[in-house]
Amino acid sequence: MLVIHHPDQALHDPEEVFRTGKFIAQPDRAERYSIFLDIVTQDGHEVATAPLNRPEAIVAVHDPAYVEFLKTVYARWKEQPEYGPVAIPNVHPTHRMFRKPTELLGELGWYSNSTSCPITEGTWPAIFASAQVAIHGAERVTSPDKPVYAMCRPPGHHAYPDLMSGVCFLNNAAIAAEELAKRFGTVAVIDFDVHHCNGTQFIFWTRPDVLVTSIHVDPRLSAPYYAGHADEIGEGMGKGLNLNLPLPWATDDRAWLGALDIAIARIRQFAPGALVVSQGFDAAENDPCKTFVITEAGFAEAGRRLRALGYPTLLVQEGGYLSPSLGGYLRSFLAAFDRMLA
Ligand SMILES: [Zn+2]
């Protein structure tokens, strides 16, 4: 399979995030990039570097002012001698606070909904490269027999047009889906990261040309908390084109693949021109998220079933965090998807 990546993706590597009343290890470490790259190289996939030449494809989905903010925020942060080494917001607007400020801390809070998106000097080049990997991946998708894996990292599916959220800054899968919709007319997104794709859902909420389906832990139990319920089905022209399949804690292969089949049936009914798979291995039994208990065999079966759909397909990496098993999950999924081995 053709795999797209860019070395700048490793430049964003904050060590910690503030959660549960303390600093904890940041889940999205740059080491994930090296693990994924090692696996695809060892397994003989064709590996290509994305050219960083499509900034306009990012603002097709994201608010240009937000993108400019992301590009410049760390330089503004460094001008404050008393500030710490990592830009983290400590204030956010709530429902009744609706005026966008220009002061640095105020603006940082305006564009983020939590402390989960620490920003360092390398953040912009890394998230820009990750988005360009998705865009170039979409450009290289031509036919059902030539799927492409966009090895995105940092991930993207929690990012809204003007909001960073849950270690995501730019919505790589949504940017790619927008790109594919231009060429293929209609696109289906299937997201099997353990967390709901709240950003992707929002971006295509009223769109008649993009179906969004998601299999994830019930948002009543886990992040992203504020979206991902089964009764969220889209609005306006997009009504009926959003399918959420929330599942309980400790969901196993059988129940998870059952939900995948429901999403697959909906996708077949929609009959899209192209498919985007937002793949997250944080549903795995050995993932530090410890939410579902999906095995290597479960991911392989998902790979087979998704490939059997037979659409031109872009795989986009979302979550899946550091454990000795991480590389194995990617290897199993890609091998099954690529070869449809029994
Ligand atoms: Zn996740």
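Colleague: With which hand does α9 pass α10?

Modeller: The crossing of α9 over α10 is right-handed. Keep in mind that this is a predicted model.

Colleague: At what angle do the axes of α9 and α10 cross?

Modeller: Helix α9 covers residues 296–308. The axes of α9 and α10 cross at roughly 30 degrees and come within 7 Å. Angles under 35 degrees count as roughly parallel, so α9 is roughly parallel to α10.

Colleague: Which residues of α9 and α10 make the contact?

Modeller: From α9 come Glu296, Phe299, Ala300, Ala302, Gly303, Arg304, Leu306 and Arg307. From α10 come Gly328, Tyr329, Ser332, Phe333, Ala336 and Phe337. By class, the contact of α9 with α10 has 8 nonpolar, 3 polar and 3 charged residues.

Colleague: How many residues apart in sequence are Arg339 and Leu37?

Modeller: Arg339 and Leu37 are 302 residues apart in sequence. In space, their C-alpha atoms are 19 Å apart.

Colleague: Back to α9. How do I read its packing with α8, from the angle between the axes?

Modeller: Apply the limit of 35 degrees again. The axes of α8 and α9 cross at roughly 15 degrees and come within 10 Å. α8 and α9 are therefore roughly parallel to each other. α8 passes α9 in a right-handed crossing.

Colleague: Which residues of α8 and α9 meet?

Modeller: Asp253, Trp256, Leu257, Leu260 and Ile264 of α8 meet Ala297, Gly298, Glu301, Ala302 and Arg305 of α9. By class, the contact of α8 with α9 has 6 nonpolar, 1 polar and 3 charged residues. Note Ala302: this residue of α9 is in the contact with α8, and Ala302 is also in the contact with α10.

Colleague: Now α3 and α5. At what angle do they pack?

Modeller: Here the other limit applies: angles over 145 degrees count as roughly antiparallel. Helix α3, residues 64–78, packs with α5 at about 160 degrees, with the axes 9 Å apart. That makes α3 roughly antiparallel to α5. The crossing of α3 and α5 is left-handed.

Colleague: Which residues make the contact of α3 and α5?

Modeller: Leu70, Lys71 and Tyr74 belong to α3, while Thr123, Trp124 and Ile127 belong to α5. By class, this contact of α3 with α5 has 4 nonpolar, 1 polar and 1 charged residues.

Colleague: Next, the core. How many residues does the largest nonpolar core have?

Modeller: The largest nonpolar core has 101 residues. Those with the most contacts inside it are Ala134, Ala150, Ala176 and Val276. Helix α5, residues 123–140, gives the most to this core, with 10 residues.

Colleague: Take Val276. What does Val276 touch?

Modeller: Skip residues up to four places away in sequence. Val276 then touches Ala173, Ala176, Ala177, Leu180, Val187, Val189, Leu314 and Val316. Of these partners, Ala176 is also among the core residues with the most contacts.

Colleague: What is the phi of Ala271?

Modeller: Phi of Ala271 is near 50 degrees, positive in a residue other than glycine. Ala271 is in the loop between α8 (253–270) and β9 (274–279). With 10 other C-beta atoms within 10 Å, Ala271 is exposed. Lys290 also has a positive phi, of about 45 degrees, although it is not a glycine. The place of Lys290 is the loop between β9 and α9. Lys290 has 13 other C-beta atoms within 10 Å, so Lys290 is partly exposed.

How values were computed
Residues numbered from 1 in each chain as written. Predicted model: local features only at pLDDT ≥ 70, side-chain atom pairs only at ≥ 80, totals over all residues. Core = buried A, V, L, I, M, F, W, Y, C linked by C-beta atoms within 7 Å. Buried ≥ 20, exposed ≤ 12 C-beta atoms within 10 Å, placed from the backbone. Helix = DSSP H or I, 4+ residues; strand = E, 2+ residues; numbered from the N terminus. Contact = placed C-beta atoms within 7 Å. Axes fitted to C-alpha atoms, helices over the stretch in contact; angles between N-to-C directions. Parallel < 35°, antiparallel > 145°, perpendicular 65-115°, else oblique. Left-handed = near helix turned anticlockwise from the far one by under 90°. Nonpolar A, V, L, I, M, F, W, Y, C, P; charged D, E, K, R; others polar.
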